[in-house]
Amino acid sequence: MESMFGFQSQRRRMSFDSLKRLGHISPAVQSHLKHASPSSDCFACFLSTCKNGERPHLTSNCLQVYLTLCSALAFSALGAYLHIALNVGGTLTTLGCLAAIAFLISLPPSQDHQRNRFALLMSAALLQGASIGPLLDLVLHFDPRILVMAFVGTAIAFGCFSGAAILAKRREYLYLGGLLSSALSILLWLQFAASIFGHSRTTFTFELYFGLLVFMGYMVFDTQEIIERAHHGDMDYIKHALTLFTDFVAVLVRVLVIMLKNAREKSDEEEKRKKRY
């Protein structure tokens with residue numbers, strides 16, 4: 001019995017010590033992550049305060065994170081609001097978002113183009129929000145609580161997966177790149193086949209849940225890839241924030257569709273029960 005309690009206490013001590021070790025991430029890369037991801041700033045703040053034995057002041061430190069990813073999410077929310085108010089979302093906003101991303105990637109990450117690239121990122125986020133505006137409008141008309149729960153759940157998942165990638169050993173999850181690329185190609189081929197032969201309920205459900213799993217894996221992989229690129233001198237935080245923003249939106253959309261689908265099925269079953277009785 002004593003050996004069991006001793007093993008559990010040793011396990012807790014090892015897990016806490018692993019939280020305090022960030023030797024595999026250099027200070028420059030930690031500073032870079034603060035500009036690329038809000039959750040990374042919270043983790044870095046927490047870990048640094050744990051080293052010094054001080055109480056973490058997460059609220060005040062997280063206010064400094066609104067540089068890239070949080071700004072993109074805010075502009076995306078603004079784009080969704082513009083669609084709900086003015087009905088501007090659609091094919092044109094999707095094409096505009098893709099064009100803004102392509103233009104952003106084509107510009108070199110230099111100081112001369114930094115403002116232009118940041119403006120393109122915010123424009124792409126705004127257009128992306130307008131593009132998913134019809135889905136958000138449908139969710140709000142059905143049950144606004146679904147939107148809140150989906151966003152909170154996606155934010156928690158993003159923080160957990162991104163934090164796990166930061167705390168893991170260097171290059172530990174980079175092997176996922178090949179698996180995730182293969183899985184993404186499977187999804188693309190399924191979409192192509194469905195556009196020719198038509199969608200079925202089984203294939204739609206498979207694409208939904210499998211796509212959610214794939215993009216959650218990309219949260220881990222992209223975070224570690226950003227860390228590794230930063231170690232090699234790639235400090236393009238605008239492009240890295242775009243990558244994380246894409247993962248966040250991809251997961252959020254799938255969570256919204258899954259929750260809306262389950263809520264509709266539940267309401268249909270309740271209506272059938274009422275008609276029977």
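In the predicted model shown above, α11 and α12 pack with their axes 9 Å apart and at an angle of about 155°; helices here are DSSP runs of H or I of at least four residues, numbered from the N terminus. Axes are lines fitted to C-alpha atoms over the stretch in contact, and angles run from 0 to 180 degrees between N-to-C directions. The two helices α11 and α12 are therefore roughly antiparallel to each other, a label for angles over 145 degrees. The crossing of α11 past α12 is left-handed, that is, the near helix is turned anticlockwise from the far one by less than a right angle. Their contact draws on 16 nonpolar, 6 polar and 7 charged residues. In this scheme Ala, Val, Leu, Ile, Met, Phe, Trp, Tyr, Cys and Pro are nonpolar, Asp, Glu, Lys and Arg are charged, and the others, Gly among them, are polar.

Residues are numbered from 1 along each chain as its sequence is written. As the model is predicted, local features need pLDDT of at least 70 and side-chain atom pairs pLDDT 80 or more, while totals for chains, interfaces and linings use all residues, and side-chain values use heavy atoms, without hydrogens and water.

The axes of α9 and α11 lie 8 Å apart, at an angle of about 40°. That makes α9 oblique to α11, and α9 passes α11 in a right-handed crossing.

Turning to open space, the largest pocket holds about 910 Å³. A pocket is an open set of points on a 1 Å grid over the protein atoms alone, where a 1.4 Å probe fits, with protein on both sides within 12 Å along at least five of seven lines; lining residues have an atom within 4 Å of a point. The volume is the space filled by probe spheres set on the points. Its lining has 28 residues, with Ile101, Phe215, Leu242, Thr246 and Asp247 nearest the centre. Two or more lining residues come from each of α6 (91-106), α7 (114-131), α11 (201-231) and α12 (237-276), and α12 gives the most, 11 residues. By class, this lining comprises 15 nonpolar, 6 polar and 7 charged residues.

The second largest pocket has a volume of about 310 Å³. Of its 16 lining residues, Ser76, Ala77, Leu136, Phe151 and Leu252 lie nearest the centre. Here α5 (69-86), α8 (133-142), α9 (144-167) and α12 each give two or more residues, and α5 supplies the largest share, with 6. This lining counts 14 nonpolar and 2 polar residues, and no charged ones.

The unreviewed UniProt entry annotates residues 90-107 and 146-167, among others, as "transmembrane region"; such annotations may be inferred rather than shown by experiment. In the model, residues 146-167 are 100% helix, with end C-alpha atoms 31 Å apart, and residues 90-107 are 89% helix, with end C-alpha atoms 26 Å apart.

Methods. Angles under 35 degrees count as roughly parallel, over 145 as roughly antiparallel, 65 to 115 as roughly perpendicular and the rest as oblique.
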